Amino acid sequence: MHTDPTSNAPQKGLQDLDQVVIRFAGDSGDGMQLTGDQFTRTTALMGNDIATFPDFPAEIRAPAGTVPGVSAFQLRFSSFDIHTPGDAPDVLVAMNPAALKVHLKELKKDGVLLLNTASFGALDLKKAKYDKDPRSDGTLSGWRVIEVDLEARTREALASSPLDNRGKDRCKNMYALGILYWMFHRDVAPTEKAIADKFKKKPEIVEANLLAMKAGYAYAETTEVFQTAYRVSPAPMRPGTYRNIQGNQALSLGLVAASKRANLPIFLGSYPITPASDILHQLSSYKHHGVTTFQAEDEIAAVASAIGASYSGQLGVTSTSGPGMALKAEAIGLAVMAELPLVILNVQRAGPSTGMPTKTQQADLMQAMYGRNGECPVAVLAASTPGDAFEVAYEAVRIAVKYMLPVIVLSDGYIANGSEPWLLPDVDRLPPIEVKFAPPSSDGSKFQPYQRDPATLARPWARPGTPGLMHRIGGIEKKDGTGNICYDADNHAHMVATRAKKVANIADDLPPLTTFGPRTGDVLVLGWGSPRGAITAATQRLQQQGHRISCAFLRHLNPLPKDLEALLRGFKQVVLPELNSGQLAMLLRARFLIDVQSYSQVDGQPFKSHDLEAHLTQVLAASKEVK
Amino acid sequence: MTTSEHPPLAKKDYKSDQEVRWCPGCGDYSILNAVQGAFAKLQKQLHQTVIISGIGCSSRFPYYMETFGFHTIHGRAPAIATGVKVANPELDVWVVTGDGDAMSIGGNHFIHAMRRNVGLRILMFNNRIYGLTKGQFSPTSEQGKVTKSSPLGSVDYPFAPIALALGAGGTFVARGIDILGAHLEETIVRASGHQGTAYVEIYQNCNIFNDGAYKATTDKEVRDQRILYLQHGQPLLFGANKDRGIAFDSHFQPCLVSGPDLGKAFVWDETSESPAPAMALATMSEAEFPVPVGVFRRREKPTFEAGVVQQMAAAKARKQESLHDLLHAGEVWHVN
């Protein structure tokens, strides 16, 4: 078969596109995430810019063929710089009627629907809640439908395989992948290698999967159903070395990088929770980098053990999602009082309570800012893309050890599981992180655990085991300096102010905000976290239409950068899109008395850039009127 | 533990400069005294010793010791101490807790510390009441306890803390009593020498909210008849003249023996593979039987922190990787 796109079958057309959005949808057990992942790797290696969005149910295997069991993976690849996995797909691969039911309405008009017809029996239709067969009642008109019985085709291709029919059917996703590889001119070699690695110990599975993929490719190449293949040229990207990265991976790598630069071992205390568990998985494979992982008995023990490790002189880290954050609140307060470094990773999901664990949201901002008893400030950072998560994790470590306090890093499910090409940093150029432990003392004087650095107000990090530094600390209010229990009114007021000032001092280190577009104009779109891509895409399009619109993004949410207020005041209107009911907008309005307009979406899904663009167009129109 | 450069430490060297603020007459004073005595006997280095506590009267303990101390939050001391110990296994880590702290709000951390066999020494002051919150029944209060929160008597059945520790896989499980100072000091010394989690339940009198909780066991007049000292390799005998004993029937039910049957008294083996004898003693009725003190169980088992250290050492020996190589692992591509 042809794996070199230039030697493609000559009788078929080849059309150039600048971008394509593909969505794979099927049962949880259909291998949609694996299929999407393979297409992504191949496409990244071929030099396209790419963004992905896996969207899966919380159930590992919901009843087969039902609507709740549908799992999807969307990817967008292009010949130019992109910021989001796209809104509506150009191509939908639907593995069963339920997947069709859930996703058809989003397929672009005139888009390609690759439909697996193997499971369109009466029962299958009933499970998907179709009264009639959608193939024969006009439901599919308006789309370019390609019907393939993937099971029959795959079984045919695997006639000589030792696998039973069930095993053969499990390769149907690879048959579909083969079809798409032909349609979009993809190289099959990376997938051949990946599958061979993945099923190293099961050669018959490797053979069947690859056979199915090649058969799909050949089917598309030879049958008349497929008339045209499409080509998306590589995107111009900044020179350097790239890899594909997901947000949870990047957080993990950022922590290890910081640990290496600071020469400070990491201790992760964690309890499994969606969508943060991959951080625990990944860090537990980095023992050779001196990372200790402790799978605790619960969320509280997870953060408590991390605090204990920080007290001992390692960097305590805990990873979780919203429900876990709720349980950790009291212990985070202890770290604030004990003034110990601690990094808390909150990969947000849709709430409240259990909410929708596999869906995304940014509704834990207020919880991060204020969700503890007493006046209990911590530093709060937000990652905005998978690649950005590396830098944010690194920055969290820097702040935690410099100021001796807890730092909460907000990510979310969209960043955690989405992926993008990541320009690998030069490790020698990562900013240094200096860790100073209090030196041994032999002069017999009482050690002062709260004697502060005059510039940062950080207290000394005094490791047990260091001669002469014996001292007692705790969550109870204490006298500044000595650390002895102290209930004096003046001292408490002083300590509350000191802990707040310590957080505020972090702003001294922060670089000025960068804006996409001029620093003054009609509208500033301010964002934080994962909406960055959608905001950038929408702003870019409106700028191209000649509008005076700019956007900027906050990595530091507490403290806020010092130049934020001036930036906000440079625009007639400020719009703040966030995946909550307007939490940061409320904070900024209260803080600056500026009329920050919230644009909110709380449905568990990321913003679509077209929705944002439509909203911003209205805002711009209003801004013209107020002239 | 002593080094030739330093003069030996006296008991007073373990006392901090903080004024002790327990109620006058509290059993905690004698426990503090026993711990300081044990530490002096063991010549513990102040800077190598960490005492971690939760919340409650007992949890003020770290402030009174001239070691490293961390007074944390309610129930979480074993979890915090686990992080301290795993991050630096060289440290000598002690947890001081109470019956409310360890058995109620922190029950989960308590059993999991036992299960993992983390190298912690957990001293649980059991006064069978909530003292700091002024006198509500605790998970070790006897059923029917009349308190401010149970005016008609508590409905709850109590925990048998020793049985809970045994059930959770505790490898060193012992009991002492506040007023038996010398025995308590010796029990703490033995706990200190154990590899893994060492748990000591200490009966402690709260003279304000539960005065006399152990009177029926500890009063001078009844003490000899009511306390059974567990001694490894010795038969289970009690009484001033050691003329009564405990034997087990074929169902491991305890029974009292005396006179010609005294020879049937069970010979105590604290290292017994089966937890059944210890469990039988831990759960027998205090009304019918004497109260055992001393070591219920002592088993050698690799510690959690040793396992963690070993895995990390093996991983480092197997694979060395620069940060650059870590970031570049997997599929990368170059753009010129």
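Predicted model: local features only at pLDDT ≥ 70, side-chain atom pairs only at ≥ 80, totals over all residues.
Two strands are said to pair if DSSP finds at least two bridges between them. Five bridges join strand 9 to strand 16 of chain A, residues 419–423, and the two run antiparallel. Within that pairing, A:Ile245 stands opposite A:Glu420. Strand 9 of chain A also pairs with strand 12 of chain B, residues 332–335, in the antiparallel sense over four bridges; there, A:Gly240 has B:Val335 as its bridge partner.

I move now to the domains. Chain A is divided into domain 1 (5–232), domain 2 (243–429) and domain 3 (515–626). The centres of domains 2 and 3 of chain A, taken over C-alpha atoms, lie 27 Å apart. To their contact, domain 2 gives 30 residues and domain 3 gives 22. Between them they bury about 2,200 Å², 59% of it on carbon and sulfur atoms. On the domain 2 side, A:Gln362, A:Leu365 and A:Met366 lose the most area, together 30% of what that side buries.

The polar side of this interface comprises 16 residue pairs in polar contact, and the count of salt bridges is two. Helix 14 of chain A supplies the largest share of the domain 2 side, five residues.

Finally, consider A:Ser530, in the loop between strand 19 and helix 17 of chain A. Ser530 is buried, with a relative accessible area of 5%. Its side chain makes a polar contact with that of A:Asp412, at 2.5 Å. Residues that A:Ser530 touches include A:Gln362, A:Tyr414 and A:Leu579.

Technical notes: Residues numbered from 1 in each chain as written. Chains lettered and ligands numbered in written order. Heavy atoms only, no water. Buried < 20%, exposed > 50% of the residue type's maximum accessible area, 1.4 Å probe, protein only. Polar contact = N/O pair within 3.5 Å; in protein donor to acceptor, adjacent residues only side chain to side chain. Contact = heavy atoms within 4.5 Å. Domains from an automatic or database assignment. Buried area = accessible area lost by both parts, 1.4 Å probe. Salt bridge = Lys/Arg side-chain N within 4 Å of Asp/Glu carboxyl O. Lists of a residue's contacts leave out its neighbours within four places in sequence.
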